[in-house]
Every structure is written in structure tokens, then in C-alpha cells.
Amino acid sequence: MSEDRSLDDFAPDGAVDDSDETTDADAPDADAPDADAPDADAPDAAPATATSTWHADGAACDRCGERVERRWRDGEAFVCADCAAW
Ligand SMILES: [Zn+2]
């Protein structure tokens with residue numbers, strides 16, 4: 001009787017310790033996406049400084065006419081990545 005009770009008391013403690021270790025290991029990874037989130041939102045939040053435009057349906061490059069989803073501003077024109085002056 002007493003031996004069974006000792007085992008029951010010990011087992012839950014071991015399980016809790018394992019859970020804590022797993023949670024601690026995941027914590028750093030959970031913080032990483034949060035750090036990137038502000039950067040991902042930045043272009044939309046500051047259109048005045050945006051140098052590229054996104055077209056979900058695609059848009060023709062003003063210089064070569066290639067249809068691309070993303071064009072970069074080059075003076076008054078919007079051009080594809082190949083035509084953009086880096
Ligand atoms: Zn182009």
C-alpha cells in the first residue's frame with residue numbers, strides 16, 4: 001500500500017517537470033514571430049515611403065511589359081524587379 005502511494009506521488013511530479021522543460025524550450029521560438037510582425041506591417045503602415053506596389057492579379061511592367069505581382073517605383077513608372085534600378 002505505502003509503496004504504491006509513493007510511486008503515485010512521484011510520477012505526477014516527473015510529468016510536470018517534463019512539461020515545464022518543453023514550455024521553456026518553445027518560449028524563444030514563440031517570441032521570434034512577434035519580433036518580425038512589426039516589420040511585415042511597416043510597408044502598409046507607411047505608404048508615403050513605400051517604393052513598391054503589390055498587385056494580387058499581377059500588373060504589367062511599365063518598361064518591359066512583363067506581368068508581375070510586385071512592381072517597384074522608378075520615377076513615375078512602376079517596373080518589375082528585373083527593370084528596377086537598385
Ligand atoms: Zn520589367
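**A serine, then the zinc site**

Mentor: Let's begin with S52, which lies in strand β1. Keep in mind that this is a predicted model.

Trainee: Okay, is S52 buried or exposed?
Mentor: S52 is buried, because its relative accessibility is 18% and the cut-off for buried is under 20%.

Trainee: And which side chain does the side chain of S52 make a polar contact with?
Mentor: That partner is the side chain of R70, at 3.0 Å.

Trainee: What else is S52 in contact with, leaving aside its neighbours within four places in sequence?
Mentor: Besides R70, the list holds R71, W72 and R73.

Trainee: Switching topic: which residues are the protein donors of the zinc ion?
Mentor: C61, C64, C80 and C83, each through its SG atom. They lie 2.3 to 2.4 Å from the zinc ion.

Trainee: What geometry does the site of the zinc ion have?
Mentor: The site is tetrahedral, with angles of 106 to 116° among the four donor atoms. For reference, the ideal angle for four tetrahedral donors is 109.5 degrees.

Trainee: How are the donor residues spaced in sequence?
Mentor: The spacing is C-x2-C-x15-C-x2-C. C61 sits in the loop between β1 (52-60) and β2 (67-74), while C83 is in the segment after β3 (77-79), so this pair ties together parts that are 22 residues apart in sequence.

Trainee: Are those two, C61 and C83, buried or exposed?
Mentor: C61 counts as buried because its relative accessibility is 5%. C83 is buried too, with a relative accessible area of 18%.

Trainee: Zooming out, how many helices and strands does the chain have?
Mentor: There is one helix and there are three strands, and along the sequence they follow the pattern α-β-β-β.

Trainee: Where is confidence lowest, and where is it highest?
Mentor: Helix α1 (residues 2-45) has the lowest confidence, at a mean of 57, and β2 has the highest, at 95. For the chain, the mean pLDDT is 72, with 41% of residues reaching 70 or more.

Trainee: What share of the chain is buried?
Mentor: Buried residues make up 14% of its 86 residues. The accessible surface comes to about 7,000 Å², and 51% of that belongs to carbon and sulfur atoms.

Trainee: And what about contacts between residues 24 or more positions apart?
Mentor: Those account for 2% of the chain's contacts with a separation of 6 or more.

Key:
Residues are numbered from 1 along each chain as its sequence is written. This is a predicted model: local features need pLDDT of at least 70, side-chain atom pairs count only at pLDDT 80 or more; totals for chains, interfaces and linings use all residues. Side-chain values use heavy atoms; hydrogens and water are left out. Donors are N, O and S atoms within 2.8 Å of the metal (3.2 Å for Na, K and Ca); water is not among the atoms, so sites may look incomplete. Four donors count as tetrahedral if all angles lie between 85 and 135 degrees; four count as square planar and six as octahedral if opposite donors are over 155 degrees apart and all others between 65 and 115; anything else is irregular. Helices (H or I, at least four residues) and strands (E, at least two) are DSSP runs, numbered from the N terminus. Buried means under 20% relative accessible area, exposed over 50%, partly exposed in between (1.4 Å probe, protein chains only). A polar contact is a pair of N or O atoms within 3.5 Å; within protein, one must be able to donate a hydrogen and the other to accept it, and residues adjacent in sequence count only if both atoms are side-chain atoms. Contact means heavy atoms within 4.5 Å. pLDDT is the predictor's confidence in each residue, from 0 to 100. Accessible areas come from the Shrake-Rupley method with a 1.4 Å probe; for residues, only the protein chains shown count as cover.
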